[in-house]
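Student: I have a new structure open and would like to learn how to read it. Could you walk me through a few features?

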Amino acid sequence: GFRCGIVGLPNVGKSTLFNALTETAAAQAANYPFCTIEPNVGNVGVPDPRLNKLADIAKSAKIIETQLGFVDIAGLVRGASKGEGLGNQFLGNIREVDAIVHVLRCFENDDIQHVDNRVDPIADAETVETELMLSDLDSLEKRVPNLAKKGQQGDKDAKLAAVVLGRALDHLRDGQPARLTQVADAEEARVLEQAQLLTAKPVLYVCNVNEEDAANGNEYSQRVFDKAAAEGAQAVVVSAAIEAEIATMPSEDRAEFLSELGLEESGLARVIRAGYKLLNLLTFFTVGPKEARAWTVEAGAKAPQAAGAIHSDFERGFIRAETTAFDDYVALGGEAGAREAGKLRQEGKEYVVHDGDVVLFRFNV
Ligand code: GDP
């Protein structure tokens with residue numbers, strides 16, 4: 001599955017957020033740096049109102065959301081790229097995730113120690129990003145010359161990698177993240193992706209604010225939004241403390257609690273959806289009386305690959321995908337209506353799946 005790694009300095013609210021995300025108290029939040037040592041992985045459902053609509057129409061007995069993985073990554077300190085604190089473990093765990101959810105402390109509270117004794121989310125973001133850049137710089141300073149040497153000896157893949165990663169190295173030497181590296185085509189993009197550079201991964205900033213700022217943010221979160229806009233990154237405002245409270249609440253009480261705080265939906269729903277968007281994923285649905293279910297594929301996936309997200313047998317024996325767009329399915333009152341109106345399409349193995357497609361796969365066993 002696809003995974004977002006939750007990172008940030010100690011005591012910014014990562015564990016609180018993660019616990020709320022997984023609705024478990026497994027990783028206990030504590031007012032103590034380094035309290036989260038082992039990375040914890042939680043798979044959370046991606047909220048999607050379309051799924052409820054489909055289930056209503058098809059009278060599905062069950063709703064199953066698609067899942068996104070979140071990894072709570074141990075606290076980082078200045079010097080991590082040189083092995084300080086839990087540095088090496090931290091960086092290794094980040095290497096394995098597809099995107100980064102960077103939690104920034106945007107709340108004041110004298111009882112909760114800040115590692116640098118001040119609230120400054122921009123400086124915090126830079127501390128973390130600097131460690132990631134130093135780690136990438138270190139690894140590329142070694143890899144690029146090796147690749148160039150192999151390239152000179154006739155290894156074409158190494159030659160291309162030396163060029164693309166050489167560009168990334170230039171950015172890092174200028175103190176810029178590798179995500180700014182220009183790629184000319186899909187092959188170069190793949191080379192960059194396979195290099196697993198920490199600063200090439202997409203980033204979502206989560207501004208953790210106090211309860212009273214949850215609806216409108218504050219001065220700190222505004223600075224983070226300005227930074228995100230300048231970088232082409234995403235940002236959301238969340239109060240981890242509120243999310244922790246909501247997570248333990250019976251679901252029928254949540255809507256009222258949220259509206260009292262001036263919120264339309266939980267911050268977590270926004271984090272999950274933003275994380276999903278960050279990964280360039282799309283959702284398709286399978287709908288029947290037993291269940292209405294959402295599935296995830298990468299944007300650009302073709303029908304057999306989507307079938308494979310459900311079961312490898314579906315991909316191997318793929319014949320066709322009976323496909324209806326979500327809007328048509330809803331407007332025509334379901335599968336029978338869509339079929340009658342000619343809106344249920346027979347799609348073959350070259351079909352590129354669209355977000356919201358309702359699909360029935362036909363396959364040989
Ligand atoms: P981590 O080290 O980043 O995982 O941080 P934790 O999630 O353990 O949080 C550190 C401390 O800050 C805990 O005592 C939390 O209860 C507290 N905390 C987290 N989020 C908020 C918030 O939005 N407001 C306030 N006032 N405290 C928070």
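Predicted model: local features only at pLDDT ≥ 70, side-chain atom pairs only at ≥ 80, totals over all residues.

Student: With which residues is Val206 in contact, leaving aside its neighbours within four places in sequence?

Tutor: There are partners from several parts of the chain to look for. Val206 is in contact with Leu17, with Val101, His102, Val103 and Leu104, with Val236 and Val238, and with Val271.

Student: How does strand 6 pair with strand 7, parallel or antiparallel?

Tutor: To read a pairing, look at the sense of the two strands and then at the bridges. Strand 6, residues 203–208, runs parallel to strand 7, and five bridges join the pair. For one example, find Leu204: its bridge partner in strand 7 is Gln234.

Student: Let us zoom out. What does the domain assignment give for the protein chain?

Tutor: It gives domain 1 at 3–278 and domain 2 at 300–363. Where the two meet, the contact takes five residues from domain 1 and seven residues from domain 2. On the side of domain 1 that touches domain 2, three residues are nonpolar, two are charged and none is polar. Between the C-alpha centres of the two domains there is a distance of 33 Å.

Student: Which feature does UniProt place at residues 280–363?

Tutor: The unreviewed UniProt entry lists "domain: TGS" there. In the model, residues 280–363 are 30% helix and 37% strand, and the end C-alpha atoms of this span lie 27 Å apart.

Student: In which sense does strand 10 pair with strand 12?

Tutor: The sense is antiparallel, with six bridges between strand 10 (residues 318–324) and strand 12 (residues 358–363). Arg320 has Arg362 in strand 12 as its bridge partner.

Student: And over how many bridges does strand 10 pair with strand 11?

Tutor: Three bridges link strand 10 to strand 11 (residues 345–347), again in the antiparallel sense.

Key
Residues numbered from 1 in each chain as written. Domains from an automatic or database assignment. Nonpolar A, V, L, I, M, F, W, Y, C, P; charged D, E, K, R; others polar. UniProt positions renumbered as here; feature names shortened; annotations may be inferred. Helix = DSSP H or I, 4+ residues; strand = E, 2+ residues; numbered from the N terminus. Pairing = 2+ DSSP bridges.
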